[in-house]
Amino acid sequence: MNWRSLLRVRFCLPLGAVALVGVFALGQGPSVQPQSDVGAVWVYFTSLCAKAGDAGDCAEVKTETRPSFGSLEACSLHRDQDLSKNSNPRLLGSCLRQREA
């Protein structure tokens, strides 16, 4: 091994290590905190679909107000009751989480 290759290794190895550490340090983004349900409500709405079981072509059924619930479980229970009351297989009930205004 001659002195030029030794000099090249001596300078390139630390520069490569610094570059690798920099990539790992800068590539790490801030940790994402899960959104809490504080200030959020679950809103129920119904849609009428073109074909039963096909959610690809649906239009929302307009109502004066949308029922809102404090939990997904309560909204799902309301959805199940509402859909069993209306025996139309083209109806689709949805519960979406929204922030309170």
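**Figure 1. The buried residues of helix H2 are covered by elements that include strands E1, E3 and E4.** The view is taken from a predicted model. Helix H2 comprises residues 72–85, and its 14 residues should span 20 Å at 1.5 Å a residue. The end C-alpha atoms of H2 are 20 Å apart, in agreement with that expectation. Buried positions in H2 are Cys-75, Ser-76 and Asp-82. Seen down the axis of H2, the buried residues fall within an arc of 130°, so they line one face of the helix. The exposed residues Glu-73, Ser-84 and Lys-85 are carried on the face of H2 turned away from its buried side.

**Figure 2. Strand E1 pairs in the antiparallel sense with strand E4, with strand E3 and with strand E2.** The pairing of E1 with E3 (residues 68–69) rests on 2 bridges; here Trp-42 is partnered by Phe-69. Strand E2 (residues 58–60) is joined to E1 over 3 bridges, with Ser-47 standing opposite Glu-60 of E2.

**Figure 3. Thr-46 is a buried residue of strand E1.** Thr-46 counts as buried because its relative accessibility is 12%, below the 20% cut-off. Leaving aside residues up to four places away in sequence, Thr-46 touches Glu-60, Val-61, Asp-82, Leu-83, Leu-91, Leu-92 and Gly-93.

**Figure 4. The largest nonpolar core consists of 5 residues.** Its members are Trp-42, Tyr-44, Phe-69, Cys-75 and Cys-95. Beyond residues up to four places away in sequence, the contacts of Tyr-44 include the core members Phe-69, Cys-75 and Cys-95. Among the other residues that Tyr-44 touches are Arg-66, Pro-67, His-78, Arg-79 and Asp-82.

**Figure 5. Cys-95 lies in strand E4 and forms a disulfide with Cys-75.** The sulfur atoms of Cys-75 and Cys-95 are 2.1 Å apart. The angle about the S-S bond is -100°, and the link is left-handed. Cys-75 belongs to helix H2 and Cys-95 to strand E4, so the pair ties together parts that are 20 residues apart in sequence. Both cysteines, Cys-75 and Cys-95, are buried, and the relative accessible area of Cys-95 is 15%. Not counting residues up to four places away in sequence, Cys-95 also touches Trp-42, Val-43, Tyr-44, Leu-72, Ser-76 and Arg-79. The C-alpha atoms of Cys-95 and Phe-45 are separated by 6.8 Å, although these residues are 50 residues apart along the chain.

**Figure 6. A disulfide joins Cys-49 to Cys-58.** The S to S distance in the link of Cys-49 and Cys-58 is 2.0 Å. This link is right-handed, with 95° about the S-S bond. Cys-49 is buried, with a relative accessible area of 5%, whereas Cys-58 is partly exposed at 30%. The count of disulfides comes to 2. With the bonded cysteines of the protein chain numbered in sequence order, the pairing is 1-2, 3-4.

Methods:
Residues numbered from 1 in each chain as written. Predicted model: local features only at pLDDT ≥ 70, side-chain atom pairs only at ≥ 80, totals over all residues. Heavy atoms only, no water. Pairing = 2+ DSSP bridges. Helix = DSSP H or I, 4+ residues; strand = E, 2+ residues; numbered from the N terminus. Buried < 20%, exposed > 50% of the residue type's maximum accessible area, 1.4 Å probe, protein only. Contact = heavy atoms within 4.5 Å. Expected span 1.5 Å × (residues − 1). Arc of directions from axis to C-beta. Core = buried A, V, L, I, M, F, W, Y, C linked by side-chain atoms within 4.5 Å. Disulfide = S-S within 2.5 Å.
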